[in-house]
Amino acid sequence: MCGFLGGIFRKPVLAADVAAMRNAVRTVAHRGPDAEGVEVVAGANAVLAFRRLAIIDLATGDQPMSADGAHHLVFNGEIYNYRDVRHSMERDGVQFQTASDTEVLLRSLMRHGAEGLEPLRGMFAFAYLDLPRRRLLLGRDRLGVKQLYFTDVPAGLFFASEPKALLALPWVRPAFAEEQLAAYFTFRCVPAPDTLFRGIQKLAAGSVLTYDLDTERSRVDRYWTLPSEREDGAPPVRPGDALDAFEAAFLESVRRRLVSDVPLGAFLSGGLDSSTVVAAMHRLGHPEIRTFTAAFPGSRDDEAGFARRVAQRFGSEHHVHSATDAEFIAALPRWVELNDDLVADASSLPLYCVSRLARERDCIVLLSGEGSDELFGGYGSYHKFVLLRALGRMIPSSGARRALAHALESAGAVGSQDRPRVDEYFVRRQPYMGTAAVFGSAELSRLLAPLGDLPGLPRATGSGLAGLGAFDFVRRIPDDLLVRTDRATMGASVEARVPFLDHDLVDLSYRLPAAARAIPGVSKVVLRRLAHRWGVPYQTILHRKIGFQLPIGAWFRGPLRQLWTTILKERLVPGINYGFVAELFEAHERGRGHFEEPLWRIAALELWFRRWITGERGVAEESPAVVRESYAASHR
């Protein structure tokens, strides 16, 4: 796991260009604290810069890596089956100079171009300079576990693991893409190919960008799509075979992700997903399982007891980070610094803190449970949508549906914070907007009134549990959850691996009977059966989904109250209707509903804007002044 920066200049490379690239790649030094490399490729007017976090082949895997003086690669990620692919190529006469997965990727691309990705199983983002064919290939893995950003400016084409490395270049300037605000507030992120930076793009999952070094033209091609997006003729799994088939595929996915030359462990929240990952590690006989979790003392949503029970069941060396409000608030400036491609998910704060704990305990690689909810109907919003649509079909009159919704709200059965979704899905019977949607179309139009007519956003075409999960898989997985996990873990110089997002496992899961994945009111059917087979504690199997829950609402009334005074006074971000924001905050402050999630999305944008657009850093390094002042004011 590493970080890289590269560029194809439109003129010969000067010493000052190399110095600028070297300085810029150091903004992602947290991704690669073990080594640095910079290479000038004169034949392409190119510079490749790299920061390494050594995981596989600690002795000879340094980058940039070159072969035959004409092929050059920088690569972030891991190829889990690199030994198998290497042996296959050696049988064909290919000779290797290192024991690294990097060289396997390089020689596979040399032989076959983008088609060389087909046999590879892993997570990756790469830049490959192919001088004989006069082209640059930029690639992202099938599910988008790793990210790659690029920008085309007068000086040339530049690409990096994070936008901050591009913004550190003297010829790249930050510009706010207010036209992406509707997407941000709907999806909690800006899905590929766009970002909140105008002119900086994100390569979509499962895609390769080909750039012609001579014509300076580029194209993007998809080399993999979800099973829901293609007709491949794969036979469905019979109901009686579903559990055994899923068990075999899941064990193989976890086995692949245990390849490492450094200590490896797992996140263990105490929920079903991470507990099943740990159970699989135990099933595979992984020695010295190490698990890491966050505890929230005094919180009704604290799952530390569940995690401890699972750790005891499978004999892991268990580490607990006892979290405090003060610590999380103090970490906010660092969170803003890491989240240059903004994902407004507050749970990444405890994820970052637990990752730091793992690093302090010399555990460099952690397995994680992302992806199960989208595969197996794990979000309550899926089941609520199905229920609301079913109720809507029973009441044909929109007036009658509206009257019923109003009556339920008056009776307290529907909270103010739920009204947008009830109106959207029950009253108006509109398609699903995504799990992260907290504003209905009417509220979104009010919030972004200064922008006028909003662009149309994609919505789910299906209305069943599988269709809703597929919709989130395309947007939420690669550009929300995986960006969040990448920034939180790499911010602590730790690598996260996600067994549920092995593409072979995803293919298999889509062939399972629908009732094995989820039924209305019951999620993760086959996963719960597998967890039972493996001896996961029944309390975990039956426990409702919680995840890392932070008291954001209480913070906004207490230690971060001054932040809202600043936001509503300065009204800094273009495109926002601050009158509507003030109404939301007043309702929240007076207890007339739970609006912490939409308010957090606004606050996160405000902090991001101050750091990445206006360039505010405050007194301490990487510390937006507004956070520091707000927290200090609450403790005077």
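In the predicted model, Met-394 is exposed, because its relative accessible area of 63% lies over the 50% cut-off. Met-394 belongs to helix α12, which spans residues 380-394. Together with Leu-387 and Leu-391, Met-394 forms a nonpolar patch on the surface, and the accessible area of these residues together is about 310 Å².

Helix α17, formed by residues 503-510, is mostly covered, with seven of its eight residues buried. These buried residues are His-503, Leu-505, Val-506, Asp-507, Leu-508, Ser-509 and Tyr-510. The cover over them includes α6 (242-256) and α11 (372-375), as well as α16 (465-490) and α18 (514-517). At the N-terminal end, α17 is capped by Asp-502, a side-chain oxygen of which lies 2.9 Å from the backbone nitrogen of Asp-504.

At the level of the whole protein chain, the secondary structure comprises 25 helices and 19 strands. The radius of gyration is 24 Å, which agrees with the value near 26 Å that a compact globule of 636 residues would have. Along the principal axes, the C-alpha atoms fill a box of roughly 75 × 60 × 50 Å. Among the 636 residues of the protein chain, 60% count as buried. The accessible surface comes to about 23,800 Å², and carbon and sulfur atoms contribute 50% of this area. Of the contacts in the protein chain with a separation of 6 or more, 72% are between residues 24 or more positions apart.

Notes. Residues numbered from 1 in each chain as written. Predicted model: local features only at pLDDT ≥ 70, side-chain atom pairs only at ≥ 80, totals over all residues. Heavy atoms only, no water. Patch = residues over 30% accessible without salt bridge, like charges linked within 9 Å, V, L, I, M, F, W, Y side chains within 5 Å. Areas by Shrake-Rupley, 256 points an atom, 1.4 Å probe, with all protein chains shown as cover. Salt bridge = Lys/Arg side-chain N within 4 Å of Asp/Glu carboxyl O. Helix = DSSP H or I, 4+ residues; strand = E, 2+ residues; numbered from the N terminus. Buried < 20%, exposed > 50% of the residue type's maximum accessible area, 1.4 Å probe, protein only. Contact = heavy atoms within 4.5 Å. Polar contact = N/O pair within 3.5 Å; in protein donor to acceptor, adjacent residues only side chain to side chain. Rg over C-alpha atoms; globule rule 2.2 N^0.38 Å.
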